[in-house]
Amino acid sequence: MRSAARRRTLGALAGTALIAAVVQIPASAGTATAPDKSSARASGTASAFTAAEEDDYYQDAEGKTGEELKTALHGIISNGVTTLSYDEVWDALKETDQDPDNSGNVIELYTGKSISKDSNGGDQGNWNREHVWAKSHGDFGTADGPGTDVHHLRPSDVQVNSIRGNKDFDEGGSEVEGAPGNFTDDDSYEPRDEVKGDVARMILYMDVRYEGEDSFPDLEANDEVDNGSKPNIGRVSVLKQWSEQDPPDKFEENRNQVIFDKIQKNRNPFIDHPEWVGEIYK
């Protein structure tokens with residue numbers, strides 16, 4: 001279901017997206033420079049999602065909008081999901097976030113650096129498993145399900161991950177040490193421009209995926225910050241803007257396909273149909 005709305009959305013934003021996609025942050029000593037994410041499909045890690053496959057996968061969402069669309073998408077992306085353990089997430093991220101120009105490396109979310117897959121761990125200079133929907137927001141920890149859902153888990157520099165902590169997402173603050181283009185203050189975090197849309201779509205995926213069933217918390221994006229342990233993350237109004245400003249690129253699309261083909265067997269619908277963000281979150 002390659003809708004005309006999607007084509008109009010992506011066409012209108014193509015100019016700014018192409019500019020944003022090629023801006024890269026130089027790597028620090030000992031790491032390779034992050035690749036142009038637009039080349040990610042060339043890595044060959046996943047085949048493209050065809051129009052026929054997409055029509056079949058999203059057939060229950062066709063013609064729906066608002067809460068009806070959200071309910072339909074919840075059913076689609078919750079069906080037949082393979083759930084990982086937290087230990088299994090390490091290997092999953094080594095595949096989903098592989099550097100398309102260096103198969104031995106992954107790309108860190110916030111810094112954009114390419115770093116060895118083997119440099120995972122908890123020490124300074126390592127990369128670890130960042131919960132983009134902070135695990136304390138709903139207190140699900142690293143439990144199987146939301147705590148191990150690879151759609152919102154990404155490689156992140158240990159120090160930068162600690163600085164982000166469990167803060168909500170918003171604009172403003174001081175630039176983050178070791179991660180140029182990222183900003184933070186007491187209660188929020190702003191990622192670099194190249195992944196703002198990625199962050200937004202991961203958060204909204206979690207909002208749709210987890211609705212209080214199967215002992216999982218009912219996660220809801222809201223328009224607040226400093227949400228603490230409540231099962232909420234904001235600001236949704238800013239996340240909507242970020243999704244529009246930074247539409248899905250080939251790295252993000254490839255990641256979605258790898259998760260679907262090889263890992264969890266479900267998709268992030270906002271990567272396939274970014275126009276659905278505006279149709280659900282008014």
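Which helix holds Lys-70? Select residues 66-77: this is helix 3, and Lys-70 is found in it. (Helices, H or I of at least four residues, and strands, E of at least two, are DSSP runs numbered from the N terminus.) The model is predicted: local features need pLDDT of at least 70, side-chain atom pairs count only at pLDDT 80 or more, and totals for chains, interfaces and linings use all residues. Residues are numbered from 1 along each chain as its sequence is written, and side-chain values use heavy atoms, with hydrogens and water left out.

Stay on Lys-70, which counts as buried at 6% relative accessibility (buried means under 20% relative accessible area with a 1.4 Å probe, protein chains only). Now show what Lys-70 touches (heavy atoms within 4.5 Å): Asp-207, Val-208, Glu-211, Glu-220, Ile-280 and Tyr-281, not counting residues up to four places away in sequence.

Next, select helix 6 (residues 196-209) and helix 7 (residues 236-245), which pack at an angle of about 130 degrees with axes 7 Å apart. Axes here are lines fitted to C-alpha atoms over the stretch in contact, and angles run from 0 to 180 degrees between N-to-C directions. Among the residues that meet are Ala-200 and Leu-204 in helix 6 and Leu-239 and Trp-242 in helix 7.

Last stop: an open sheet of four strands, in the order 6-9-8-7 with mixed pairing (two strands pair if DSSP finds at least two bridges between them). Strand 6 (168-169) and strand 7 (174-176) stand at the edges, each with a single partner strand, so one side of each lacks a neighbour in the sheet.

Note on methods
Buried means under 20% relative accessible area, exposed over 50%, partly exposed in between (1.4 Å probe, protein chains only).
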